[in-house]
Amino acid sequence: MNLSIFNTPEEMGVSAGKRAAEILRNTIAERGEANIILATGASQFDVLKQVLSEKDIAWDKVTMFHLDEYLGLPLSHPASFRKYLLDRVINVIKPSFKKVVLIDGEVDGEKECQRLGELIEQHPIDLAFVGFGENGHLAFNDPPADFETEKSYIVVDLDDACRQQQFGEGWFESFDAVPKQAISMSIKQIMKTKHLICSVPDTRKAEAVKDCLNGEVSNLHPASILLTHANCEYFLDKNAASLLPESILAKSKIA
């Protein structure tokens, strides 16, 4: 396991962002282009901030895919993941991405999954940014997650723990306002990625981190599947790592 633990979310984000930038530069140098998956949410704030501060990345050689999005939520809503990416990344970077593939949550979900699946099949992914949910979800694959579907994107039901997390983070005015369904990249599609940068800050995620890194892979703890990926690098802050046993901490790099 490639696990690094930092004192603060900011330090975690700097290290994760620098490592992601290194992978991007190397990929573009080797292949002339790169395909990436961007995640959203609070866990990505400091990571994306660092990546965007790196001045020598040829973004015009990068195709970007979107990890997940609520169904039925308009682009104008503050919790829209499309809005998050447009405001914080897509409309900020220079030069602009070679291509952007966003999930449209305002159309028929199954047809949108089909469209996205056909597009991503043409773009093998080099690098994905991911995190854990408080319930251990990976993207919007809540427990028990479907580890078997071959579809690249799927329509999923959001469980109450997931919806409570979204409300608790302040993205919605009430629990009832959180959508009950979303479009999510599937577990198998995420696992096809060549390199994974997994960033998890905050005490709220400590229980999920303990459950997902204890060595047992289970769809009841969806992000535990990352333990089987050859190139997943974990970046935690000390609060997220606070419940990890000494047997795992002893193998980690502690900043």
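This is a predicted model: local features need pLDDT of at least 70, side-chain atom pairs count only at pLDDT 80 or more; totals for chains, interfaces and linings use all residues.
Local features require pLDDT of at least 70 and side-chain atom pairs count only at pLDDT 80 or more, whereas totals for chains, interfaces and linings use all residues. Residues are numbered from 1 along each chain as its sequence is written, and side-chain values use heavy atoms, with hydrogens and water left out.

A total of 10 aromatic pairs was found, where rings of Phe, Tyr and Trp (its six-membered ring) pair if their centres lie within 6.5 Å, and planes under 30 degrees apart count as stacked, over 60 as edge-to-face and the rest as tilted. One of them, Phe-81 with Phe-140, is stacked, at 5.7 Å centre to centre and 20° between the planes. Phe-81 belongs to helix H3 (residues 81-90) and Phe-140 to the loop between strand S6 (127-130) and strand S7 (153-157), so this pair ties together parts 59 residues apart in sequence. Helices (H or I, at least four residues) and strands (E, at least two) are DSSP runs, numbered from the N terminus. Both Phe-81 and Phe-140 are buried (under 20% relative accessible area, with exposed over 50% and partly exposed in between; 1.4 Å probe, protein chains only). Phe-81 and Phe-140 also form one aromatic cluster with Tyr-70 and Phe-172.

Tyr-84 and Trp-171 form a tilted pair, 6.2 Å centre to centre with 50° between the planes. Tyr-84 lies in helix H3 and Trp-171 in the loop between helix H5 (160-168) and strand S8 (181-185), so parts 87 residues apart in sequence are tied together. Tyr-84 and Trp-171 are both buried.
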